[in-house]
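Please set out how the chains of this model meet and how selected elements are placed.

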Amino acid sequence: MIKIEHLSKKFGDLVVLRDVTIEIKSGEVISIIGPSGTGKSTFLRCINLLDRPSGGAIHIDGVNILDPKADVSKIRQKMNMVFQSFNLFAHLSVMENLTIGPVKLLGLSRSDAERKSRDLLKLVGLAEKAGSYPDELSGGQKQRVAIARCMAMEPRIILFDEPTSALDPTMVSEVLSVIRRLAKDGMTMAIVTHEMDFARDVSNRVLYMDEGCIYEEGTPEEIFERPQKEKTRAFINRIRSFHYHIGTPDYDLYGMNAEIEMFCEKQILPMKTRQNLLLIVEEMLQLYTPWLRTAHLDMTISYSEKKESLEVVFESSGSALNLFDNAQLPDELGLTIIKSLTESIDYQRLGDKNRLLLILKKMVK
Amino acid sequence: MNIQTSKESSAMVVKVTGRLDAVTAPEYEQQFTALITGGETRFVVDFEKLDYISSAGLRVLLAMAKQIKAKSGQIHLANIGGAVREVFDISGFGSIFPMHESVISALNATAG
Amino acid sequence: MNKKLLVVFSWLLLVRVFTVFICENSVTGLPPVKHAICTLATLFSADAVASTTQGKKIASVDDLKDKRIGVLLGSVHDSYAMKTFPNATILQYKTPSDIVLAVKTGKVDAAIYTYETLRDIFRTNDDLAILGSPLFSVPVGIGFNKTNNQLREQFNDFLRQIKKNGIYDNMINRWIIQGDTSMPEIKNSKANGVLTVGIVSDKGLPFLIIKDNKLIGLDAELAERFAAYLGKELKMSDMEFGSLIPAVVSQKIDMISSTLMITDERKKQISFSDEYYNLRASFFALKKNIVISSAPKSNKFSSLEDLKNKRFAVFTGTVHDGFVSRKYPNAQLMRYESTADMVLALESNKVDVALLDVITAGVIIKHNPELGILQEDVLNMPLGVGFGKNADDLRQRFNNFLQAIRGDGTYDDMYKRWCRGDPEQVVMPEIANGTGQKYVLGVSVDDLPYVAFMNGKYVGFDIELLKRFAARENINLDIVPMEFASLVPALASGKVDIITDGIAISEERSRMVDFSASYMEFRTAAMAMKSKIARYDNQPVSEIASGGFIENTIESFRRNIILEERWRIILDGLKTTVLISVLSTLFGTLLGSLVCFMRMSKNVMLSLPAKLFISILRGTPVLVFLMLIFYVVFASVNIDPVLVAVIAFGMNFAAYVAEIFRTGITSIDKGQSEAGISLGFSKVRTFLYIILPQTIQRILPVYKGEFISLVKMTSIVGYIAVQDLTKASDIIRSRTFDAFFPLIMVAILYFIISWVLMLSLEYLERKTDPKSKRKQAVIA
């Protein structure tokens, strides 16, 4: 349905989109993820010409919308956008927000428009708010109205530009459930989002954008579980990992613990797991203490929800050193604890770094 | 930081609270040693309020036990549970120290 | 050393003898040479004597408590001194001149005498000065025999009459304030017998003195006038002060006219008329014996000289402007547009003195008794009628006309009617307008006797003059009122053909305007608050009709609104103000929208002119802009000034509206228009349906404010000769000189206009606020 070829966009001298080529078929749900500032929103806004592309072509149902003769307004009517900041018309009631497009653009009669709008409001669960004004609604409600407003125009595709980024975590789910519903009903959608779980759940395809183009694309499994390219992996991991650098033997154990606890909370890890993690980290660092005067230590904790596994990587600089060579340990205590809490301990010498990978034992529920 | 101690007829009851880790261990060790040097020989260590113990903490207990043994004293542990219990189990410390369900039974043990 | 001392001593002795010989007689009234020598001599002798006996200077009246004090024998000063300074040495003298001599020669340290007389004495003896503040004031009256009630009542009636018709004020002004010494001619039928008046002939000016064998002074004139009033021949009986009362008691004289102080003691023996003046008593002494304290000098004015560094009010664009700047360069000059404004300024102490035509001043003082003349004949100038530079023919015709009416007595008759009597009472003769060529006459309307607007007609000397001219030459004269300051520009730009309003011919004006021959001389008087003018000191305050507040308000209302159908003027002004306000707003809003659109365009060709327009219009004062448009842009174009006002105000309003719109639009979140566009609306439709409604909602409060400002701004259209509400109040004020009532009333009317218009805007606001419908539904 939408064919995009070699799309590029410059703001002055700043190149935001270099070369984007993608096809979106009818009924597809595409999630676009990636670090901030890599042009995800710009890409979306170029599709409905809110921003004018600098180069390339966009064909919608065979029509090149970049053609100066194209009736852009008409095209936009079939391609609606849901914004991060909702953008409901402040001077109109909810009902009027929904009906203004159909009445003035599609030529529906007021009563028809209102009837359809009421149904849509029911769909998003806001039928009783028909007479309210935007400033009387919560963020989640506003966004749902915005989605209903889009749907009132009976679009072929809805573009979502970070629909939940401005929402309180408690309101995110109500909006996501509406979008899920739309996906189930077969609406073609392109969603720029940071909600990784959601993206994985609801999309057919995931695009990872970086370096001004579609860096990697694939199914949700492919991208989230087995990212191939380096940056993709780094991104996916970064979402799921915690990094800490220990430079001296006088590191702040408690400060680090606090950060680890925060990370655990984000990943919603059970208390047991948390405690074990903290214990392992402390024990490991104790083992490293003699070397901390001369070497640096980088610790990375990564969590995979799917696999429900937690892994900790310790990378230290310095000469080749494997902590677990028995000869170098003061006593068995620490080692025993560590060994009993981990599934595997792997040592690797990578370049000039020593790398220890510990995988924690899975917790029994 | 002070450990709570209460002198009972048969032993000195010592309460450990919060964490016994690499950061807190040295302090605990200092205070235990002081008590032992002070003449106490029978100890009951109450773990009810302890949330966390690491190898550092275990070492402190071991050191304390060695000193008490040299003085022919006794050391019993009480109220060990939860995560702390597991660590004891993993490390095998469960077999080194006599462990009791409550302070009272530990005291009885020291008396008898 | 000794030799020198001897020489000095003998010299001093010689001078002393000389002094006594020469200066024995009255000090005042000496021929100048004698007086000069006398003064010099006294300086030497008194100095020597005075300072050797004195040693210390006198700082205040208290210092005198053990000194030597001179008084007039048997006078109130006498008893006062006795009572108040029991430890001092009181020396009594028979005549005033003796007292003065005593002070000068150091016989007494200080003396008490009448303040008013002292001022006169000081005019010729500036080695003397007042010590301290006036001690007390005593009313003076005419003394009558106790049984002679009839004569007394007659005098009281006479007194009332001369107070009413201004003669009294005039007398006070001449004798006391100006120090004038000429007795006016007073006609007397002398048919009813003789009036004997007892006087003390060397009481001293300003009251009574002999000069050139005649008795002159205030008392003398009073007596003469009263005699004339009775129709009796006046016989003055000169006597010692102490003999006056016995004389009237024994009926040797009919009355005492000698500024006799009314005291209870005297009332036992004689009866007094109503008091006709308040005399003050003061200590005086040799200047050099008085410590010049830092006590504030009396800051009352006795002549224009006293004002040389004070605040002057003059008419804008008059010759007084240049006159004051030249003559009193240190004075502060404030320019006013109308006499009524000047009066207001004087009364609210914004200026100290106002310069204006003497006849006009007379009219004003009649209505405002708290004002008085400080000085007449400040400046005399010829008046002329102004003609445009190219109207030589017309001007010649006028000069011929002027010559003709001077010859046939019409001029004299006009002059007598308008300028001699009370111009407000003059009836304007009916003169038919000519039917020939049309000429426009520009006038300013608040200067009697020259031009005024009364009973819906133009009246005044100038008006009658020009109307007669028009009738004689068969000219169709159209009279247009404007601000005085606008007269010359209007003539220069061809908006009017002739101007007149008591305009003085000056060199500067002659460059812009061709004047006719002079048709009158005008005299400038200086007018100020009586309370500040020295010669009005201690006058009994004229009775201003002090009714209650309500009565005053009702009277004000009647005078300002009902009288002469003045309410019509107000109604017309009101209509004009509303018309200009509404049209300017509409024009301004539309123009402003256009400018806003241009300003927000990305095209420099559009945005630059818009930006320029906005900054020029906002940076120029509206009045200046208005006059520019009228007198420069539309010069020589025959255009209705109301239209010009609408254009000027509209443009000004547009500049503000443009910016208001722009800020309103830019304050709308960009997301609103993005949502509209992505929904499929075109840019224009997005603006119309989404942005504009929200903008209007936002800017309405500010817009309301600017609109009200506009309404009030229209009050300046008087400058381009549009008669609006403010001008209406000016016209009324110029007639009633009532400063406050017309102003307050007009302020109230402006407020009502603003309020009504505000209500309508608020109605609009409610209609465009979507939520209001709901709020009403909820309430209902």
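## Backbone, interfaces and elements

A:Glu154 lies in the loop between helix 5 and strand 7 (157–161) of chain A; helices (H or I, at least four residues) and strands (E, at least two) are DSSP runs, numbered from the N terminus. The model is predicted, and local features need pLDDT of at least 70, side-chain atom pairs count only at pLDDT 80 or more, and totals for chains, interfaces and linings use all residues. Residues are numbered from 1 along each chain as its sequence is written, chains are lettered from A and ligands numbered from 1 in the order in which they are written, and side-chain values use heavy atoms, with hydrogens and water left out.

The phi of A:Glu154 is positive, about 50°, although this residue is not a glycine. Most residues other than glycine have a negative phi. A:Glu154 is partly exposed, with a relative accessible area of 46%; buried means under 20% relative accessible area, exposed over 50%, and partly exposed in between (1.4 Å probe, protein chains only). A:His6, also not a glycine, has a positive phi near 50° and lies in strand 1 (residues 2–11) of chain A.

**Chain A with chains B and C**

The table gives the area buried at two interfaces. Buried area is the accessible area (1.4 Å probe) that two parts lose on being put together, summed over both.

| Interface | Buried area | Share from carbon and sulfur atoms |
|---|---|---|
| Chain A and chain B | about 1400 Å² | 59% |
| Chain A and chain C | about 2000 Å² | 59% |

Between chain A and chain C, 26 residues of chain A are in contact with 21 residues of chain C, where contact means heavy atoms within 4.5 Å. In chain A, the residues that lose the most area to chain C are A:Phe89, A:His91 and A:Lys104, together 29% of what that side buries. The interface of chain A and chain C has one salt bridge, a salt bridge being a side-chain nitrogen of Lys or Arg within 4 Å of a carboxyl oxygen of Asp or Glu. A:Arg45 forms a salt bridge with C:Glu674, and their closest N and O atoms are 2.7 Å apart. Helix 2, strand 6 and helix 3 of chain A are the elements that give two or more residues to the side touching chain C. Helix 3 of chain A gives the most to that side, with four residues.

The contact between chain A and chain B takes 17 residues from chain A and 18 residues from chain B. A:Tyr254, A:Glu282 and A:Leu333 supply 35% of the area that chain A buries against chain B, more than any other three residues. Two salt bridges are counted between chain A and chain B. The side chains of B:Arg19 and A:Glu282 meet in a salt bridge (3.7 Å, N to O). On the side of chain A that touches chain B, two or more residues come from each of helix 10 (253–266), helix 11 (271–288) and helix 12 (332–341) of chain A. Helix 11 of chain A gives the most to that side, with seven residues.

**Elements of chain C**

Chain C has 28 helices and 24 strands, and buried residues make up 51% of its 780 residues.

Helix 24 (residues 670–679) of chain C is mostly covered, with eight of its ten residues buried. Among the buried residues of helix 24 of chain C is C:Glu674, the partner of A:Arg45 in the salt bridge. The buried residues of this helix pack against helix 1 (40–47), helix 2 (72–77), strand 6 (79–82), helix 3 (94–106) and helix 5 (139–152) of chain A, together with helix 25 (683–713) of chain C. After helix 24 of chain C comes C:Gly680, with a positive phi near 120°.

Strand 9 (residues 255–261) of chain C is also mostly covered: seven of its seven residues are buried. In a regular strand the side chains alternate between the two faces of the sheet. In strand 9 of chain C both faces are covered, with C:Met255, C:Ser257, C:Thr259 and C:Met261 buried on one side and C:Ile256, C:Ser258 and C:Leu260 buried on the other.

Which strands pair with strand 9 of chain C? Strand 4 (residues 128–144) of chain C runs antiparallel to strand 9 and is joined to it by four bridges; two strands pair if DSSP finds at least two bridges between them. C:Gly141 has C:Leu260 of strand 9 as its bridge partner. Strand 5 (residues 194–199) of chain C pairs with strand 9 in the parallel sense, over two bridges. C:Val197 stands opposite C:Met255 in strand 9 of chain C.
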